[in-house]
Amino acid sequence: MSADELKYALRSLDLFAPWFRHIFIFTNCAPPPWFQPTERITWVDHADVIPPDGLPLFNSHAIEAWLHLSRIHL
């Protein structure tokens, strides 16, 4: 069950921390119906960074390692 925590967290960042220039949401889930990508928020799927033979991946340390090794310029 979701209480739209992500929506309120992103809204709070926009209102109270405008110095964050870009936010990447890295997940294996589809974006919620209310999500609209903007120039400041990008939804990145695990499959865009991690090779198919490494998926599914649930170890946060391994996920961070793949982010570090990826060619996505964060």
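Ile41 sits in strand E2, where helices (H or I, at least four residues) and strands (E, at least two) are DSSP runs numbered from the N terminus. The structure is a predicted model, in which local features need pLDDT of at least 70, side-chain atom pairs count only at pLDDT 80 or more, and totals for chains, interfaces and linings use all residues. Residues are numbered from 1 along each chain as its sequence is written, and side-chain values use heavy atoms, with hydrogens and water left out.

As for confidence, pLDDT is the predictor's own confidence in each residue, from 0 to 100. The chain averages 87, with 93% of its residues at 70 or more. Among the elements of the chain, H1 comes out with the highest mean pLDDT (93) and H2 with the lowest (85).

Back to Ile41: its relative accessible area is 15%, so Ile41 is buried (buried means under 20% relative accessible area, exposed over 50%, partly exposed in between, with a 1.4 Å probe and protein chains only). Leaving out neighbours within four places in sequence, Ile41 is in contact with Leu10, His22, Ile23, Ile25 and Phe35, contact being heavy atoms within 4.5 Å. Ile41 and Phe24, 17 residues apart in sequence, are 5.9 Å apart in space, C-alpha to C-alpha.

Helix H1 (residues 5-16) supplies the largest share of the lining, five residues. By class, the lining has seven nonpolar, two polar and five charged residues; Ala, Val, Leu, Ile, Met, Phe, Trp, Tyr, Cys and Pro count as nonpolar, Asp, Glu, Lys and Arg as charged, and the others, Gly among them, as polar.

Next come the aromatics. Across the whole structure, a search finds three aromatic pairs. Trp34 and Phe35 make an edge-to-face pair, 6.2 Å centre to centre with 70° between the planes. Phe35 and Trp43 have ring centres 5.1 Å apart and planes at 55°, so this pair is tilted. Rings of Phe, Tyr and Trp (its six-membered ring) pair if their centres lie within 6.5 Å, with planes under 30 degrees apart counted as stacked, over 60 as edge-to-face and the rest as tilted. Trp34, Phe35 and Trp43 together form one aromatic cluster. Phe35 and Trp43 are both buried, while Trp34 is partly exposed at 29% relative accessible area.

The loop between strand E2 (41-45) and helix H2 (60-69) holds His46, which is buried at 7% relative accessible area. Not counting residues up to four places away in sequence, His46 touches Phe26, Thr27, Asn28, Leu55, Leu57 and Ile63. Pro56 is found in the loop between E2 and H2 as well, and the Leu55 to Pro56 peptide bond is cis, with omega near -5°. Most peptide bonds are trans. In helix H2 lies Glu64, which is exposed at 52% relative accessible area.
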